[in-house]
Amino acid sequence: MRLTVFGATGGIGQEIVRQGLAAGHQVTAVVRDPARLTVTGGGLEVCTAALDDPEALRPAVAGRDAVLSGIGPRTTKQVGVASGLTRVILRALDAEGVRRFLAVSAAPVGPVPENETFFLRYVGTPLISRILRKHYDDLRIMENDLRSSAADWTSVRPPRLVDVPVTGVYRRAVGANPRGGSKIGRADVAHAMLAMIDDPATLKQAVGVAY
């Protein structure tokens, strides 16, 4: 497949690029600073572009089978990054007639499972939701934009992210969050996103992923 990855220098984005190349895909990594991209490979194309102009992004997405986004704030002080940049990407996709789009969201944006553990229901999730309220509000706006778009979108909702090697072993729940899911590795979020590209069950759905 021909894939384009936004947020390609972030933790999840670089893993999407790395695993995509390892699987034999042709991958275009859209970056602002090529020096931050540590992944190399014969099937890799690096596109340097600012993400504020949909016209400038059209060549990076034209003719692609799928576009994946690991875009998110690098600090808690960055507000509006996910929704603002995703909106520009969606406009570029629409202009080029590219439909498949997968983006990283977050577990607290989704509903708490009815049988959730006591700690996550009454302590963990409410606490992190208060601390990162503006960040999650931004992701809710992003997901609303996905729903109103023409894209065949999937919103991937991980809980706390950790840096561990890819395992390929995790749980997922379409339209929900896995019960007791408190963490997942960035590499496994990337693995899950690549696996969902051609999975019709995830089209126009939010999907929770967790260990």
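Q: Why are α2 and α3 called oblique to each other?
A: In this predicted model, the axes of helix α2 (residues 54-61) and α3 cross at roughly 60 degrees and come within 8 Å. Angles under 35 degrees count as roughly parallel, over 145 as roughly antiparallel, 65 to 115 as roughly perpendicular and the rest as oblique; α2 and α3 are therefore oblique.

Q: Which residues make the contact of α2 with α3?
A: Contact means heavy atoms within 4.5 Å. Pro-54, Leu-57, Arg-58 and Val-61 of α2 meet Val-88, Ile-89, Arg-91, Ala-92, Leu-93, Ala-95 and Glu-96 of α3. By class, 8 are nonpolar, 3 are charged and no residue is polar. Here Ala, Val, Leu, Ile, Met, Phe, Trp, Tyr, Cys and Pro count as nonpolar, Asp, Glu, Lys and Arg as charged, and the others, Gly among them, as polar.

Q: What makes α3 and α5 roughly parallel?
A: Helix α3 (residues 81-96) and helix α5 (residues 133-147) pack at about 20 degrees, with axes 7 Å apart. That angle falls in the roughly parallel class, so α3 and α5 are described that way.

Q: Which residues of α3 and α5 meet?
A: From α3 come Val-81, Ala-82, Ser-83, Thr-86, Arg-87 and Leu-90, and from α5 come Asp-138, Leu-139, Ile-141, Met-142, Asp-145 and Leu-146. The contact of α3 with α5 holds 7 nonpolar, 2 polar and 3 charged residues.

Q: How are the residues numbered, and which atoms and confidence limits apply?
A: Residues are numbered from 1 along each chain as its sequence is written, and side-chain values use heavy atoms, without hydrogens and water. Local features need pLDDT of at least 70, and side-chain atom pairs count only at pLDDT 80 or more, while totals for chains, interfaces and linings use all residues.

Conventions. Axes fitted to C-alpha atoms, helices over the stretch in contact; angles between N-to-C directions. Helix = DSSP H or I, 4+ residues; strand = E, 2+ residues; numbered from the N terminus.
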